[in-house]
Amino acid sequence: MDAATAPHRIPPEMPQYGEENHIFELMQNMLEQLLIHQPEDPIPFMIQHLHRDNDNVPRIVILGPPASGKTTIAMWLCKHLNSSLLTLENLILNEFSYTATEARRLYLQRKTVPSALLVQLIQERLAEEDCIKQGWILDGIPETREQALRIQTLGITPRHVIVLSAPDTVLIERNLGKRIDPQTGEIYHTTFDWPPESEIQNRLMVPEDISELETAQKLLEYHRNIVRVIPSYPKILKVISADQPCVDVFYQALTYVQSNHRTNAPFTPRVLLLGPVGSGKSLQAALLAQKYRLVNVCCGQLLKEAVADRTTFGELIQPFFEKEMAVPDSLLMKVLSQRLDQQDCIQKGWVLHGVPRDLDQAHLLNSLGYNPNRVFFLNVPFDSIMERLTLRRIDPVTGERYHLMYKPPPTMEIQARLLQNPKDAEEQVKLKMDLFYRNSADLEQLYGSAITLNGDQDPYTVFEYIESGIINPLPKKIP
């Protein structure tokens, strides 16, 4: 349908409900499962799928060469995410599975398990209740392209794939110092991670096949296989350097698995910019409006326009302007509602700044249904704000704006006649900043998913961070 001749009058509640409840992603996931499993009767299958409610549980694959620390990272992620760890060792030790018994027999004979049997073991394990409800992490599987394709054929699809990488010389040195706790399976190192408890130290064992030659052979085989595995996961794979402290590797991995991948879901940005006076909110709002055709809604400008146009609200606002008093929240929200309810804001989305200034205004905004789906706090140090604002000047003759540091007047004559806006006086700026920081903690707590940015850098760098925060889904915060 041609939007120009027959625009869709969609109530604002509908897209907001769809975004908040992830309706598009829900339908997409359900369709994927139908196509993968192809049940004879789709209706009971879809009902069962909805009852499971496990579209967002962790489904992670961690790959990496020997001694890259993938098992350690996998174990830490399992503890943090409360998910099930799947390794070759614990898969073949399942005493209640005939497949595991056969795999164990072959492993004792050949030190390897055929790909078909391994994938069958994985399929059986993933069908168990803990993996369905809490998610799973595959450690070091798939090792080959054949395994990757067999896993995909069965409809086993990870949401995140992590590949650890480090120079071979580093990995060989690491492997020589590796020690294993036979009771817990925890891996330690004689140099980098030695346990403080003497009891654990005494029971540590040297793993088999960790000599320099054997490690080099394993690395050669790994490199030969991994280049054929990686193309199987083109959009969900992240390479992380393992040549850094293990804790840093873990937090990079955790940040990645908590992120959500971009989808084709319809998305109408409702952006809220918060920050002290002089933090650059107006500039960032203008850049967003220009690039993404969002409606730039500046609360202060709306009030000025209402007074200038002599609207009903403008007549009520004018006495407060004349007395230099704050406009009551109830009146301010009526003016704001009038603008945000217009069709361009509903269809295109909006970027709002200048409000809320405190928790009461934020609650009022939410109660009226104007819930932002992206919130950004622009943090700028006090000294930078003072430098930005108190050095601003205006030429009363030409109207040209100057800054004594960044854009000084070209002649002494112009400089002599420059004036400072009373609002840019040091005392006024301090008052406004104190007011913002007095309320900022409450606002940060209310907008728990807000993104905090360093606003004290090039404005186009700040814009790139804001743009990234709008385009990409918000990370899923797991306690």
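**View 1. Buried residues of helix H13 in the predicted model.** Six side chains carry the theme here: Val-249, Phe-250, Ala-253, Leu-254, Tyr-256 and Val-257 are the buried residues of H13. They cover an arc of only 160° around the axis, so they lie on the same side of H13. The helix itself runs over residues 246-257 and has 12 residues. From its first C-alpha to its last, H13 reaches 16 Å, close to the 16 Å expected at 1.5 Å a residue.

**View 2. Packing partners of H13.**

**View 3. Leu-237 in strand S7.** Beyond residues up to four places away in sequence, Leu-237 touches Val-161, Val-163, Ile-230 and Tyr-256. Tyr-256 is one of the buried residues of H13. Leu-237 and His-160 are 77 residues apart in sequence. In space, their C-alpha atoms are 6.2 Å apart.

**View 4. Ser-83 in the loop between H4 and strand S2.** Strand S2 spans residues 84-86. Ser-83 has 11% relative accessibility and therefore counts as buried. Leaving aside neighbours within four places in sequence, Ser-83 is in contact with Pro-58, Cys-78, Gln-134, Gly-135 and Trp-136.

**View 5. The crossing of helices H2 and H3.** H2 covers residues 23-37, and H3 covers residues 42-52. Their axes come within 11 Å and cross at roughly 130°. That angle makes H2 oblique to H3. H2 passes H3 in a right-handed crossing. On the H2 side, the contact is made by Leu-26, Asn-29, Met-30, Gln-33, Leu-34 and His-37. H3 contributes Pro-42, Phe-45, Met-46, His-49 and Leu-50.

**View 6. Lys-423 in the loop between helices H21 and H22.** H21 spans residues 412-417, and H22 spans residues 426-446. Not counting residues up to four places away in sequence, Lys-423 touches Gln-428, Val-429 and Lys-432. Lys-423 and Leu-389 are 34 residues apart in sequence. The C-alpha atoms of Lys-423 and Leu-389 are 8.9 Å apart in space.

Definitions and conventions:
Residues numbered from 1 in each chain as written. Predicted model: local features only at pLDDT ≥ 70, side-chain atom pairs only at ≥ 80, totals over all residues. Heavy atoms only, no water. Helix = DSSP H or I, 4+ residues; strand = E, 2+ residues; numbered from the N terminus. Expected span 1.5 Å × (residues − 1). Buried < 20%, exposed > 50% of the residue type's maximum accessible area, 1.4 Å probe, protein only. Arc of directions from axis to C-beta. Contact = heavy atoms within 4.5 Å. Axes fitted to C-alpha atoms, helices over the stretch in contact; angles between N-to-C directions. Parallel < 35°, antiparallel > 145°, perpendicular 65-115°, else oblique. Left-handed = near helix turned anticlockwise from the far one by under 90°.
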